Amino acid sequence: MDITIPILILAIPLFMFLLLGLAGVKMSHKLAGTLGTLGMGTVLVLSYYTAFTYYFSGNPEFIDGTTRLQAVIFNHTWLQFTPALAIRIGFLLDPISAMMLIVIPTISFMVHVYSLGYMHGEKGFQRYYAFLSLFSFSMLGLVVATNIFQMYIFWELVGASSFLLIGFFYTLPSAVSACKKAFIVTRFADLGFLIGILVLSYFTHHLDFLPMTQNPQAVLASFEGVTFLGASGLTWALVLIFTGGMGKSAMLPLHIWLPDAMEGPTPVSALIHAATMVVAGVYLVARLFPLYMLEDAALMFITVVGAATAFYAAMVACAQIDIKRILAFSTISQIAFMMVSLGVASKNNVAIHEGLGYMASMFHLFTHAMFKALLFLGAGSLIHAVHSNNYTAMGGLRKYMPITHITFLIGCLAIAGIWPFAGFFSKDEILSACFANGTFWGIWMMMVAAMTAFYMFRMYFLVFWWDNPDYEKEHHGHLPHDPGFAMTFPLIFLGIVSIIAGFIPFGQLVTFDGHEYHIHIDWSIAGLSMGVAILSIAFSAWLYMKKNDKPQRMADSCRWLWTAANRRFYWDEIYLFITRRIIFDGICKPIAWFDRHIIDGTMDGFAYVTNKASYAIRGFQSGKVQMYIWWYLIGAVVLGIITAICVL
Amino acid sequence: MDITLIWYLVPAIVMFCCGVYGFLTRRNMIAMLISLELMLNAVDINFVVFNRYLFPSSMEGWMFTLFGIAIAAAETALAIAIIINLFRVSKNIDVRDATKMKN
Amino acid sequence: MFSNILIYFVVIPVVMLLGLFLCRNIKQIRAVAVTGSVVLTALSVWLLVDYLALRAAGATDPMLWVDSWQWFAPLNINLAVGVDGISIAMLILTGVILITGSFASWEIPQPKEFFLWLILLSTGVYGFFISIDLFTMFMFYEVALIPMYLLIGVWGSGNKNYSAMKLTLMLMGGSAFLMLGLIGIYYHSAPAGQPLTWNILEIAQNDAISHGWQTFLFPMTFVGFGVLGAMFPFHTWSPDGHASAPTAVSMLHAGVLMKLGGYGCFRVAIYLMPHAANELAWIFLILTGISVVYGAFSACVQNDLKYINAYSSVSHCGLVLFAILMLNTTAMTGAIMQMLSHGLMTALFFALIGMIYGRTHTRDIREMGGMMQILPYLSVCYVIAGMASLGLPGLSGFVAEMTIFVGSFEHSDLFHRVFVIVACSSIVTTAVYILRVVGKLLYGPVYDQHHMTLTDAKWWERVATAGLIVCVAGIGFFPNFFVDLIKFTFSPEIFTVIGLN
């Protein structure tokens, strides 16, 4: 394939970032927004072209008979460390990167369009579009990485652009602390990622993906006999790399930044904190999956972390008031689904083809990106109309905002896994994979799926049904209404995609070994999961359809659980304690004190002693000549006596 | 009775010791200067005497004596000039009080 | 003598000194300072181009433009010059910082005297980087240190007398060690019966320093230079000195002078005494490892912007010495990259801090806030500098740190690798203290309403900061160019110690 288009896919967003970042101040809002959107539109067309060429052209570069190949379009040595190790910036086309080339520009373009309406008139509009372009550039660079260090580079860049976008409203203290938190928590995770890369490169002498993933046995051989604290060296490397993914994908204990990241503008939450950046962790594991398959311990770790996170986030989502927070925890829970799906796809999983979990995970990544972006954008249009993030300020909105209502309902049905919406298909594959690995995981995840349906419809009913506040009084005569076309178009588009995405023959396109994989819906599991979902929806409809005091009574009956879930099980307090009390007060301050008083005190002490000593002996230099003569005489006499003694 | 070397050396050493004693004990600068002159002259006597008795053929000791006298004269002139100026400033030529340039 | 291009790096500053002496008003002074530093930078860039051409044509000598003129025959003291890729990189760095420093001190009081001392200081720096004779190297080293006392003592702020004295005395203390070490090297520079020499290349070739002497002289020289490189526990001059120094002096000091330490460590200590370096590296590795982590943690709780940056310099310069001690090509290349990168970004930091301080008259982050709304240009520059400091890809900090970490982790010994992981952890701490400043100083609501009337950067301030940002981004975008420039120096033939490893 010609390298022009791949280069343009990366270069256009970067150029847009530089252009809008440097010259944006001089532009009008309209011009900056149009330029940014046009740039993203071009990228959209180019990357669709690239992805379709990859999947359907039949080019021998991309497909060998029925096996899809991994093709490196270009690979430029950016920084040579040693003859074997180098950072290369390249463009890798394989099933998953081609899929991401569809997901990212689609969502990004929709968000660009949506923001024209949503961010209209905001101060720093040009800066906003510059950051969006930077993010798109970084995310595209991340998914096409040919080299683990390229991935790390763009990994850091998406982190930075996420920081900048969360802190977009930088005058608000809550946004400032949220963006700091997001950056530092993910940075901490990236430390694990970096150490993992170092360990991996030390033993394998590779930083490029393909030599590692295409020949996993050689990687295993290079780690022969290396153990550390009872686990094999490769397990350590893979778990450390996964730590990076845990940070970015907000897995349990490093999830705390994502709910706070909702301080950013809502379209940003849709793009970065729902659809694209947060799935980077899943993508990372998928990219290195051939290596993970070698180590059951690492996969087990992923499964356990994912399952715990999925359950935890679903619990918390049931007790939130802020609709963006509910969506954030739902995102965490859904990403955990993808992680679990990868984790259960072990090669020892004899009951079913090992590729099922991998394929299901990628499928869910795709569908989730669509319907979660839809939900976030829908939430954005609600917030735009009501000027509050809390569902307590909403209710009965179905009458005022029909388009938002329909599209939001589609999103909720999709995430709940109701046929024929997209989520049904991908979630069914995940559950199949879980059941194939072990009944425990299957039942566990099915329970989480039921909770998903419950909390999503809880939000849906509370926002669109429930009671009808007196909007006229609260909004000075303005009734909430559907937003303009710039904002409804993305909703409608993504709504349609969420309906039809499930019918994409994913097994033919994205599999981990490139071979076609036949999806067959296992109706025993699918029927069961759909039945459970429908029951949950019915339950939440019973609770929340009409205004009543059942929810209140339920919350009162186990108040401690409700409070704990509402406070997110006190993770933030624990972190605050660790960072403030232990690290800040317990490490940094003593070190600073030690430096000022002990180390510097020693240096000052030298100066002090010298000073005092010279004061002490300066009395000899009295300036009195007669004193000097006395000393001279005494000296002469003593010397004379000594000489005399010696001579005699 | 022969006038030997020792006849000259004893008065010279007495003179020198007087000079040292005076220099150490007197606080008046003029007196200290006189003591200094005493010491110098004692040394001059020694020079001349040693030259005359030990090396009668050479002249170095005499030359040194002449030098010494000249330098002593110059030194006295300088010292007296300083002392007079000091007196003008502080009406006092006690060496213990001349501490203006310290600190 | 004047046929060798290198000598002009000393001649031009001396001519600048004469020119400054004749200047009558501030415009002339600015003209001389800017013209001179631009000429110096242009000269070093030209040197770089020529160097690359010569290397491409197959020159394999360890140093090029080598020349030597006798100065004092009885002690074999010569003015010997010669450069390799590292020296050229340092020369360019000095030039860039000198230009931007001149712009940053555009409105300094008593400009004539200030620039006289500043240029004298840079004469020392340039002389140090081009010398390969230990004696003249030491002489230039001292020339670079002494003006610092006056620059801080006269033009400084805060507790400037104390700081100036402390800085000078501590660095002089280091020099005392250093001088002992250098004289020791001189007396063992040649096998018995042959004439002694101060010339680094000849000493390395003779390889005559016995093993016992190496173990004595290596710590002497390493500590001597390490003091200037802010090695724990000899770093405490840095926070006080930087806090009191005027802007351009902080820039030049943190940007260039601290590099003299790192440069000296490998040019003298490791290059001349490879066996001792190999054996004793672990001791200093522990000290520099402590520097890295300790500096970062200390920076987290400081409230004075300059203290934060000074401790951050301790951490970053600790990484330079840390990487040098890993004694392998990649890590040492990374160390040089870190020297360049830290020099540029810390100069940028100090320039910005000086500009902010010049407006708000406080450096305490508790007394400022919301600067992004008031001084958008300076604040954006500050964020960029911060991002460079915490190692954002695309800026210089990332490539330097990654080269260091990857190179150091290649070490075959487990102890070393564990220490690398400890040093790695500083990337998190760095993020903490940088974002703390960004959050408190730049973001958030405006703290002091009086600050609302402040004006954003003047044109010369824009030139200074933009120039540094371009350099930082240049290294960040095209690291391979710089790595190739530096790497040749660390071949096993030239650096015995790398062959040993």
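Visitor: In which loop of chain C does P233(C) lie?

Guide: P233(C) lies in the loop between helix 8 (211-228) and helix 9 (237-244) of chain C. This is a predicted model, and the peptide bond that joins F232(C) and P233(C) is modelled as cis, with omega at about 0 degrees.

Visitor: Which residues of chain A are joined by a cis peptide bond?

Guide: In chain A, W419(A) and P420(A) are joined in this way, and omega is about 5 degrees. P420(A) is placed in the loop between helix 17 (402-416) and helix 18 (422-437) of chain A.

Visitor: How is the length of a helix checked, for instance that of helix 3 of chain A?

Guide: One compares an expected span with the distance between the end C-alpha atoms. Helix 3 (residues 95-118) of chain A has 24 residues, and at 1.5 Å a residue it should span 34 Å; its end C-alpha atoms are 34 Å apart, so the two values agree. This helix is also mostly covered, since 23 of its 24 residues are buried.

Visitor: What does the helical geometry imply for the direction in which residues point?

Guide: An α-helix has 3.6 residues a turn, so residues three or four places apart point the same way.

Visitor: Which helix of chain A holds G343(A), and is that residue buried or exposed?

Guide: G343(A) is found in helix 15 (residues 323-343) of chain A. It counts as buried because 29 other C-beta atoms lie within 10 Å, where 20 or more are required. Leaving aside residues up to four places away in sequence, G343(A) touches L299(A), I302(A), T303(A) and G306(A). G343(A) and A297(A) are 46 residues apart in sequence and 9.9 Å apart in space, C-alpha to C-alpha.

Visitor: Which residues of chain A have a positive phi although they are not glycine?

Guide: Two cases may be cited. A250(A) has a phi of about 55 degrees and is found in the loop between helix 9 (233-248) and helix 10 (257-260) of chain A. R568(A) has a phi of about 60 degrees and is placed in the loop between helix 25 (559-566) and helix 26 (571-617) of chain A. A250(A) counts as buried because it has 30 C-beta neighbours inside 10 Å. R568(A) is likewise buried, with 21 other C-beta atoms within 10 Å.

Visitor: How is a strand pair read in chain C, and how many bridges join strand 1 to strand 2?

Guide: One looks at the bridges and at the direction of the strands. In chain C, 6 bridges join strand 1 (residues 64-72) to strand 2, and the two run antiparallel. D67(C) has V81(C) as its bridge partner in strand 2. The hairpin has 4 residues between the strands, and N76(C) takes a positive phi near 60 degrees there. Strand 2 (residues 77-83) is mostly covered, with 6 of its 7 residues buried.

Visitor: What does the UniProt record place at residues 132-421 of chain C?

Guide: The UniProt record, an unreviewed entry, places there the feature "domain: NADH:quinone oxidoreductase/Mrp antiporter transmembrane". In the model this span is 79% helix and 0% strand, and its end C-alpha atoms lie 36 Å apart.

Visitor: Finally, which chains have the most contacts between them?

Guide: Among the 2 pairs of chains that touch, chains A and C have the most contacts. Here 39 residues of chain C are in contact with 37 residues of chain A. Several helices of chain C each supply at least two residues of the side that touches chain A, including helix 11 (274-300), helix 16 (396-409) and helix 18 (426-442). By class, that side of chain C has 25 nonpolar, 13 polar and 1 charged residues. Chain B and chain C do not touch, and their nearest C-alpha atoms are 21 Å apart.

Methods. Residues numbered from 1 in each chain as written. Chains lettered and ligands numbered in written order. Predicted model: local features only at pLDDT ≥ 70, side-chain atom pairs only at ≥ 80, totals over all residues. Buried ≥ 20, exposed ≤ 12 C-beta atoms within 10 Å, placed from the backbone. Pairing = 2+ DSSP bridges. Contact = placed C-beta atoms within 7 Å. Nonpolar A, V, L, I, M, F, W, Y, C, P; charged D, E, K, R; others polar. UniProt positions renumbered as here; feature names shortened; annotations may be inferred. Expected span 1.5 Å × (residues − 1).
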